[in-house]
Amino acid sequence: MPSKRFALVDPAYCVACGCCVKVCPLSAIAVWRGVTAQADPSRCVGCGKCVRECPAGTISLTEREGQA
Amino acid sequence: MNRKKYWYDYLWIVTPIYLGLGFFNILFAWLGMLFFCLPLLIAIFGGSKLYCNRYCDRGQFLGLLGGRLKLSRNRPTPRWMRSKAFRYGFLVFFFVMFFQMLWTTYLVGAGAQSLGQFVKLLWTFRLPWHWAYHGTLFAPWVAQYAFGFYSVMLTSTLIGLIVMVLFKPRSWCVFCPMGTMTQLICRLRAGSPEAAKDCAGCGGCAK
C-alpha cells in the first residue's frame, strides 16, 4: 500500500545540489540533467528526510490524490 | 540505513589539505583550478552536476561538520538567501571580484605593481601570508595569482562555514557560484525544467 504522502520538488527553486539524493533511503529521488531533483512518487514513502536535508527548501511532502 | 561508501565519499579531506598546503606554500593554490575547471567541464560535456552531487569536497566537508559533527543549527536557509536575485547577484559579484583578481595579476605581470604577499579575506581584510611565499622559478604573476586564488577559496570556505553553522549544513550550495554557473549550463543544455515532469526519477542520467 502506497504511503499517504510523497516528496514533491519545486523545479523553479531547486539548485540541484544532490543533498536529497544522498539521504533518500529508497533511492527514490535523482537529479535530472543537472537542472532539478525529481522524486519518483511510486517509490517515495514520504519519510521526509529529503525535506529536512534540502538547503534550498524546495521539497515538500504532498498528499497523494484520493488520500487527502 | 547506511549507504555503501565509495572512494568519492571521502573527498571532504581535500578541503583541509588544500587550505593547509596553501598555508605553507601559496603556489599550491594553483591546485584549486581543478575545483573550477572540473565542474565546468562536467557540465559542458556531460550535461550534469555530477561534481556537486558526488565529488564536491567542500559540500562534503560542510555536510560532515554540520551533519555528522552536528555543528549546524539546522535552521531553514533564509528566504532571501534562496531567492534567484541573491543567487545570480552573488554570481555576478563573484565574477567581478574574480576579474579584479585577474587584473591585479596582470598588473604584477606587467611590472606595474609589486607582488602582494597577503591573502584578502572577504574581499576586504588583508591577512599577512608572507611565510607561504618562498620565491619561485616562475614569473611573479604566478605567485600573485596564487595569492588571489587562495583568497577566493579561503573566503568562500569561510562563508560556507558561517552559513553552515547558522542554517543548514549545505546552505552554501544554494548560492555557490560554481553550482549556479553549472546549473545554468545544464539548463541551457537540457531545455526547460518543465521537461523534468516526464522524468521517472530512475537516476539513470546521473550515472
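**Exercise 1.** Work out which residues lie nearest the centre of the second largest pocket, and what its lining is made of.

*Solution.* Step 1: 17 residues line this pocket, and Met101(B), Thr104(B), Phe118(B), Lys120(B) and Gln144(B) lie nearest its centre. On a 1 Å grid over the protein atoms alone, a pocket is an open set of points with protein on both sides within 12 Å along at least five of seven lines, a cavity is a set where a 1.4 Å probe fits but cannot get out, and lining residues have an atom within 4 Å of a point.

Step 1: α6 (84-109), β1 (118-121) and α7 of chain B each give two or more residues to that lining. The largest share, 6 residues, comes from α7(B). Helices (H or I, at least four residues) and strands (E, at least two) are DSSP runs, numbered from the N terminus.

Step 2: sort the lining and you get 6 nonpolar, 9 polar and 2 charged residues. Here Ala, Val, Leu, Ile, Met, Phe, Trp, Tyr, Cys and Pro count as nonpolar, Asp, Glu, Lys and Arg as charged, and the others, Gly among them, as polar.

Step 3: the pocket's volume is about 360 Å³, meaning the space filled by probe spheres set on the points, which are joined across faces, edges and corners.

A quick note before you go on: this is a predicted model, where local features need pLDDT of at least 70 and side-chain atom pairs count only at pLDDT 80 or more, while totals for chains, interfaces and linings use all residues. Residues are numbered from 1 along each chain as its sequence is written, chains are lettered from A and ligands numbered from 1 in the order in which they are written, and side-chain values use heavy atoms, leaving out hydrogens and water.

**Exercise 2.** Describe the largest cavity.

*Solution.* Step 1: the structure has 4 cavities of 30 Å³ or more, and the largest holds about 320 Å³ of space.

Step 1: its lining has 25 residues, with Cys56(B), Arg58(B), Trp172(B), Cys176(B) and Met178(B) nearest the centre.

Step 2: that lining splits into 17 nonpolar, 4 polar and 4 charged residues.

**Exercise 3.** Now do the second largest cavity.

*Solution.* Step 1: its volume is about 110 Å³. Step 2: 14 residues line this cavity, and Cys24(A), Ala28(A), Cys44(A), Cys47(A) and Cys50(A) are the closest to its centre. Step 3: the lining has 12 nonpolar residues, 2 polar and no charged.
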